[in-house]
Amino acid sequence: MSVVKSGSDSDSDDGPAPADDLLYGVIRRLWPLHRTIVRAVERELEGTGMTAGEHALLDALRSQGPRTVPQLARTMGLDRQPVQRWVNHAAELGLVATAPNPAHRRSSLIELTAEGSELMRGIQESEAAELRRALSDLSAQEVSTTLRVLDRLGEEFRHLANGSRVAPEDPDNKDNHPE
């Protein structure tokens, strides 16, 4: 699946299936949504000295526990270098610290400090209250479905990005064997 629409893969000349248009609608909204979220987070962080990237880093550490820089980079879908810069800056702010890694002597674990944990707790409580207020019209089922769709899109685009896309199964050929 590409973001640039090149036509329908169907045998019909009726154009793309309605689900195709809906999926492209989701994809077209993701870039501006991402940028809008970053701007909103940056506004929320005013006065903390943190960037939106550092917020994402601290959120990953808060939700997943101590990680190495390469593990954080993989989790965040980023290169190691920007994550290392965020770790360095967050350490300067006293929000993270390094700890020995029992699994790898040369790759330290990055963990939240008490100050980093308290800052993220406060930020996330504020964000959660705002989201509950602003998005109270969405049901848990709608949010759950959205997460499932975003996870699937992410999975597919990760495969496309690294060239590991596996052809989908043909529903008419359950064995998926060429004849």
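The model is predicted, so I will begin with confidence. The mean pLDDT is 85, and 83% of the residues reach 70 or more. One is residues 1-12, where the pLDDT is below 50 and the model has 18 contacts beyond near neighbours in sequence. The other is residues 173-179, also below 50, with four such contacts. Where pLDDT is low, the predicted coordinates should not be read in detail.

Now to the helices. Two packed helices are described by the angle between their axes and the distance between the axes.

Start with α1 and α6. Their axes are 12 Å apart, and the packing angle is about 80°. An angle of 65 to 115 degrees counts as roughly perpendicular, and that makes α1 roughly perpendicular to α6. Which residues meet here? From α1 they are Leu23, Val26, Ile27 and Leu30, and from α6 they are Leu150, Leu153 and Phe157. The contact of α1 with α6 divides into seven nonpolar residues, no polar and no charged.

Next, α2 and α3. The two axes come within 11 Å and cross at roughly 105°. These helices are therefore roughly perpendicular to each other. On the α2 side the contact is made by Gly53, Ala56, Leu57, Ala60, Leu61 and Gln64, and on the α3 side by Leu72, Thr75 and Met76. By type, that contact has six nonpolar residues, three polar and no charged.

Last, the empty space. Rolling a probe the size of a water molecule over the atoms shows where such space is left. The largest pocket holds about 2,700 Å³. Its lining is made of 48 residues, and those nearest the centre are Leu30, Leu33, His34, Ile37 and Leu150. The elements that give two or more residues to this lining are α1 (18-44), α2 (52-64), α3 (69-76), α5 (114-134) and α6 (140-162). Which of them gives the largest share? Helix α1 does, with 13 residues. The lining as a whole has 26 nonpolar residues, 13 polar and nine charged.

Two residues link this part to the first pair. Leu30 of α1 and Leu150 of α6 belong to the contact between those helices, and both are among the residues nearest the centre of the largest pocket.

Definitions and conventions. Residues are numbered from 1 along each chain as its sequence is written. This is a predicted model: local features need pLDDT of at least 70, side-chain atom pairs count only at pLDDT 80 or more; totals for chains, interfaces and linings use all residues. Side-chain values use heavy atoms; hydrogens and water are left out. On a 1 Å grid over the protein atoms alone, a cavity is a set of points where a 1.4 Å probe fits but cannot get out, and a pocket is an open set with protein on both sides within 12 Å along at least five of seven lines; lining residues have an atom within 4 Å of a point. Grid points are joined across faces, edges and corners, and a volume is the space filled by probe spheres set on the points. Helices (H or I, at least four residues) and strands (E, at least two) are DSSP runs, numbered from the N terminus. Ala, Val, Leu, Ile, Met, Phe, Trp, Tyr, Cys and Pro count as nonpolar, Asp, Glu, Lys and Arg as charged, and the others, Gly among them, as polar. Axes are lines fitted to C-alpha atoms, for helices over the stretch in contact, and angles run from 0 to 180 degrees between N-to-C directions. Angles under 35 degrees count as roughly parallel, over 145 as roughly antiparallel, 65 to 115 as roughly perpendicular and the rest as oblique. Contact means heavy atoms within 4.5 Å. pLDDT is the predictor's confidence in each residue, from 0 to 100.
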